Amino acid sequence: MRNIQKNQHKAVFIIILITYSVLVLLVFFFFIDPSLKGESAWRWTADTTTYMELAKGTYHQDLELIGLSGNTIGPILISRLFNNNTFLIVIFNYAVFIISCFLLSLTNNISKIKMLLLIMMSPMLLVSIGSLSKEILGFLDISLTLFICRTTKNYYGIAITLLIGILVRWQMAIFVLLSVILCKVVPQTEKARWNGLLILLLITSLLYPLISKAVDLDAALSTEALKTTVESNSGFNYFLNDLQSNYMMFLAVIPKSLLNIVYSPLAFLEIDHSRLFLSKSSYIDIFNDYIVFLQGIVSIPILFLVGKNSSISIMKNSQFLIAIYCIIFSLSPFIQTRYFFPVYPLLCIEAAFEGKDRLKNNNIHR
């Protein structure tokens with residue numbers, strides 16, 4: 001009976017993946033690809049066009065391959081690997097997606113089907129699979145990092161995960177490195193893990209003001225323009241950045257993380273939505289104006305399910321990695337939901353957890 005049930009779950013899992021692949025292809029052929037070809041003025045992706053032009057050498061500006069202000073090497077390598085063939089890039093992205101979901105499904109005590117369905121609710125994931133982006137690489141990297149935290153002496157895996165992190169963003173590489181250290185070097189006890197997080201938070205709180213002055217971030221944060229931009233969330237983000245710049249990162253990390261995950265409804269209200277009803281020749285930034293907003297909306301019920309289905313325990317690797325990730329990526333002065341996308345699949349794991357009281361602090365292999 002158990003084997004029959006297991007086979008049924010596998011069959012459902014495969015059917016869901018096939019159905020989702022059809023959805024990805026429909027979105028790609030009817031919306032994303034026409035946008036990339038210039039047949040539609042609606043912008044469905046974040047930086048796909050820029051990456052492809054950089055890969056061809058036709059972009060009008062010089063952007064850093066790897067640096068503090070930007071990182072384009074990952075998408076450029078993928079674009080050149082497939083000779084800018086957008087369809088082949090989609091196939092590659094979907095393969096990455098399947099591998100990532102398989103790695104996440106190895107988590108104990110979760111409903112794998114529920115986890116998969118929750119992950120597929122993400123509008124940002126749907127667009128990322130159908131385009132050239134860093135988000136799908138970030139999805140893979142967070143899945144590999146979680147997998148490595150469960151294994152022992154996986155040096156090749158660590159090297160690959162760190163390399164992918166470098167291809168995504170320099171913050172991602174730091175996240176991978178710190179996660180490996182805190183999961184492998186620090187004693188795996190609740191006290192040691194909490195102490196590790198507190199020390200990391202203390203170090204970032206002390207170092208951020210010094211680093212921000214060294215790279216002239218303070219000048220950017222003091223401009224009046226930042227207070228009125230969408231990213232500033234009506235000045236609240238400016239206030240949080242001010243806390244960071246005055247050695248109080250520990251007070252800003254939780255609200256900044258929530259702002260990045262959920263996005264700002266106020267920012268959405270500032271958009272002129274009447275353009276949607278005009279001709280498709282009118283330029284509309286679908287990704288930044290709508291996909292990012294919808295990603296934040298979808299994240300709200302996921303957070304509710306996390307609170308409902310999963311007990312709080314730093315011994316759960318998924319929760320431990322979320323905490324590390326939020327500390328590292330909250331250092332960014334801007335609210336960028338894209339940067340926090342890799343947290344989403346980890347939240348889906350927690351939301352798909354079965355049996356709130358069965359898993360306590362003694363489980364460090366989740």
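This is a predicted model: local features need pLDDT of at least 70, side-chain atom pairs count only at pLDDT 80 or more; totals for chains, interfaces and linings use all residues.
**View 1. Phe28 and Phe87 form a tilted aromatic pair.** A search of the whole structure turns up 15 aromatic pairs, and this view shows one of them. The ring centres of Phe28 and Phe87 are 6.5 Å apart, with 45° between the planes. Phe28 belongs to helix α1 (residues 2-36) and Phe87 to helix α4 (residues 86-105), so the contact ties together parts that are 59 residues apart in sequence. Phe28 counts as buried, at 1% relative accessibility, whereas Phe87 is partly exposed, with a relative accessible area of 34%.

**View 2. Phe329 and Phe340 meet edge-to-face.** Here the planes stand at 75° and the centres lie 6.3 Å apart; because an angle over 60 degrees counts as edge-to-face, the pair gets that label. Phe329 sits in helix α17 (residues 317-329), while Phe340 is in the loop between α17 and α18 (343-351), 11 residues apart. Phe329 is buried at 2% relative accessibility, and Phe340 is buried at 3%.

**View 3. Six names, one aromatic cluster: Tyr20, Tyr94, Phe97, Phe139, Phe341 and Tyr344.**

**View 4. Asn83 lies in the loop between α3 (73-81) and α4.** Asn83 counts as exposed, at 69% relative accessibility. Ala55 makes a handy landmark for this view: Asn83 and Ala55 are 28 residues apart in sequence, and their C-alpha atoms are 8.7 Å apart in space.

**View 5. The largest cavity holds about 60 Å³ of space.** The count comes to 1 cavity of 30 Å³ or more. Its lining consists of Asn260, Ile261, Gln295, Ser299, Thr337, Phe340, Phe341, Val343, Tyr344 and Leu347. Helices α14 (249-262), α16 (286-309) and α18 each supply at least two lining residues, and the largest share, 3 residues, comes from α18. By type, the lining of the largest cavity divides into 6 nonpolar, 4 polar and no charged residues.

Methods:
Residues are numbered from 1 along each chain as its sequence is written. Side-chain values use heavy atoms; hydrogens and water are left out. Rings of Phe, Tyr and Trp (its six-membered ring) pair if their centres lie within 6.5 Å; planes under 30 degrees apart count as stacked, over 60 as edge-to-face and the rest as tilted. Helices (H or I, at least four residues) and strands (E, at least two) are DSSP runs, numbered from the N terminus. Buried means under 20% relative accessible area, exposed over 50%, partly exposed in between (1.4 Å probe, protein chains only). On a 1 Å grid over the protein atoms alone, a cavity is a set of points where a 1.4 Å probe fits but cannot get out, and a pocket is an open set with protein on both sides within 12 Å along at least five of seven lines; lining residues have an atom within 4 Å of a point. Grid points are joined across faces, edges and corners, and a volume is the space filled by probe spheres set on the points. Ala, Val, Leu, Ile, Met, Phe, Trp, Tyr, Cys and Pro count as nonpolar, Asp, Glu, Lys and Arg as charged, and the others, Gly among them, as polar.
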